[in-house]
2 protein chains.
Amino acid sequence: MRADGQVRLRIDLAYDGTHFSGWAKQPALRTVQGELERAIAMVVRREPDEVTVTVAGRTDAGVHATGQTCHVEVTEAEVAKLAGRHGSIAGAARKLNGALKRLDAGDLIIHAVCIAPEGFDARFAALSRTYEYLVSPRGVPVNPLLRHCVVSLGDEIDLDATRTASLTLLGLRDFTSFCKARDGSTAVRTLIDFTWAKRTDGVLAATIHADAFCHSMVRSLVGGVLAVGAGKLTVQRFQELTAEQRRSSSIPVMPAHGLTLVGVEYPEDAGLAARAAVTRARRDPLAPQALG
Amino acid sequence: MRADGQVRLRIDLAYDGTHFSGWAKQPALRTVQGELERAIAMVVRREPDEVTVTVAGRTDAGVHATGQTCHVEVTEAEVAKLAGRHGSIAGAARKLNGALKRLDAGDLIIHAVCIAPEGFDARFAALSRTYEYLVSPRGVPVNPLLRHCVVSLGDEIDLDATRTASLTLLGLRDFTSFCKARDGSTAVRTLIDFTWAKRTDGVLAATIHADAFCHSMVRSLVGGVLAVGAGKLTVQRFQELTAEQRRSSSIPVMPAHGLTLVGVEYPEDAGLAARAAVTRARRDPLAPQALG
């Protein structure tokens, strides 16, 4: 407990984004944040609008998560309500899942709840985020059980060409070609990893790991390298488009439902506060990077 | 084309069983057979009740399929309508998927259509069926993206014990303990394979392969061996229950939504008619088999 009597809880959760209008709360729409805050309020007996959670990755409508993280502030007395009769805050996941079930929100599941370590902030202390994107290329039988999280493509995909294009994007660079920078912010990000695997069922799975992502960036990155894999762009033309640093219609934004946030990475406890301080300071715009 | 002017088509398909009341057509209920017959009728321009498909595995309500097979009789003129302007019957899958989309049945997908070889019968020529059953044991984070096809268990599962129990069931035997034999039929089946794999996401996947299954047999087989894996039954007690050859409440029937028909196996073309003749002849009831 801190001097102000508040306790910060870390909540790890997962959701099927199909029937949510994204993470962020919006009036009259069903959102992940809205349902989660209602469930917490139900257990600690506050009004729903008196609970605010802060999240690592604000996912768009239709985007899923298997490894999302957020935090929320509660009082000592509320910690006891969340812990229930077993007295351990770990039991809060079960209580919250019960509340979500009563809210008919079985598409949102709490995996773990714990007292956050000193300096933890779900958003600002995060070092990086990892997303997965799933596509079923032409020629692979579509599995109707996965139609809500795998995108069916009309094209066959050359995996080697897709991988080559993906590798050209790694490192610290300006990703303006893949996401419009908002006023007062930059599209400079560090892409740590962008790999492709072919699953035994024929589905192609991209893993995209970066310090942070700007709006629709993952879906444009995947759209760009799949355009190369489908033979619609050469690697050279793709690199030219990337260097132009403006949105191009040759780099399509892929549908939301193929995308899943699979993990958020944090430093060891001792480094949490330092990381949050660094992230909060606005990034310096970097000069455009040469490609290749 | 046969002397009667009819052509038999083989149709390979897949479906998410969540919103179907099973395979078999029933008045006023949404069934896989019903939707498929409507789609075929739409393309060949018959009334829906003038189309009848015959299936390899009549799945229950909520059970899925990624590798189901059926057949249907059409005329030469209807083959042309199904083939469309490209003139190949392989194009019929695309036409039928278009019709299914117009029927708002995106949970049912046609993988392939072909002229059936001489002697082919989706039901009677099948040598065997393979099912998969998916469970998420206690301690494995539940993935909400898979909640419609993976059953969450309250117990941790000892995979070695589960495998040992599964192996005791292999071979030709009377499976009455796992399925009530209907009048005039027997519960004698050959269980060819019953294996368990742990996926990278922690989900346990059972593969169950038999010449045929009686009603609710797969779900009882899985329920029985998981009772052993959860420590609720010893392998010895499980074998005793199996030998008793009557349904026992200690062998639970698992929920339908964990079950998927993944494949139907047929002989080479030359053996099709012979296989169908053998299967049509009613199986001789065998004397109960000793276990072990």
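Copies are superposed here by least squares on the C-alpha atoms of residues with pLDDT of at least 70 in both.

**Figure 1. How the two chains of this predicted model are related.** Rotating chain B by 180 degrees, with 0.0 Å of shift along the axis, superposes it on chain A with an RMSD of 0.0 Å. The two copies are thus related as by a two-fold rotation axis. Look for B:Leu146 as your landmark: in chain B, its C-alpha is the one nearest the axis, 4.1 Å from it. To find your way around, note that residues are numbered from 1 along each chain as its sequence is written, while chains are lettered from A and ligands numbered from 1 in the order in which they are written. As the model is predicted, local features need pLDDT of at least 70 and side-chain atom pairs count only at pLDDT 80 or more, whereas totals for chains, interfaces and linings use all residues.

**Figure 2. The side of chain B that touches chain A.** Here 17 residues of chain B are in contact with 17 residues of chain A (two residues are in contact if their C-beta atoms, placed from the backbone, lie within 7 Å). Strands E1 (6-15), E3 (64-75) and E4 (108-115) of chain B are the elements that give two or more residues to this side (strands are DSSP runs of E, at least two residues, and helices are runs of H or I, at least four, numbered from the N terminus). E4(B) gives the most, with three residues. By class, this side of chain B has nine nonpolar, five polar and three charged residues (Ala, Val, Leu, Ile, Met, Phe, Trp, Tyr, Cys and Pro count as nonpolar, Asp, Glu, Lys and Arg as charged, and the others, Gly among them, as polar). The copies meet through the same surface, because 100% of the interface residues of chain B are also interface residues in chain A.

**Figure 3. Where domain 1 of chain A meets domain 2 of chain A.** Chain A is divided into domain 1 (6-115) and domain 2 (128-267), with bounds that come from an automatic or database domain assignment. Their centres, taken over C-alpha atoms, are 29 Å apart. The contact takes 15 residues from domain 1 of chain A and 11 residues from domain 2 of chain A. On the domain 1 side, these residues divide into four nonpolar, nine polar and two charged.

**Figure 4. Chain A, with its seven helices and 10 strands.** Along its principal axes, the C-alpha trace of chain A spans about 60 × 45 × 35 Å.
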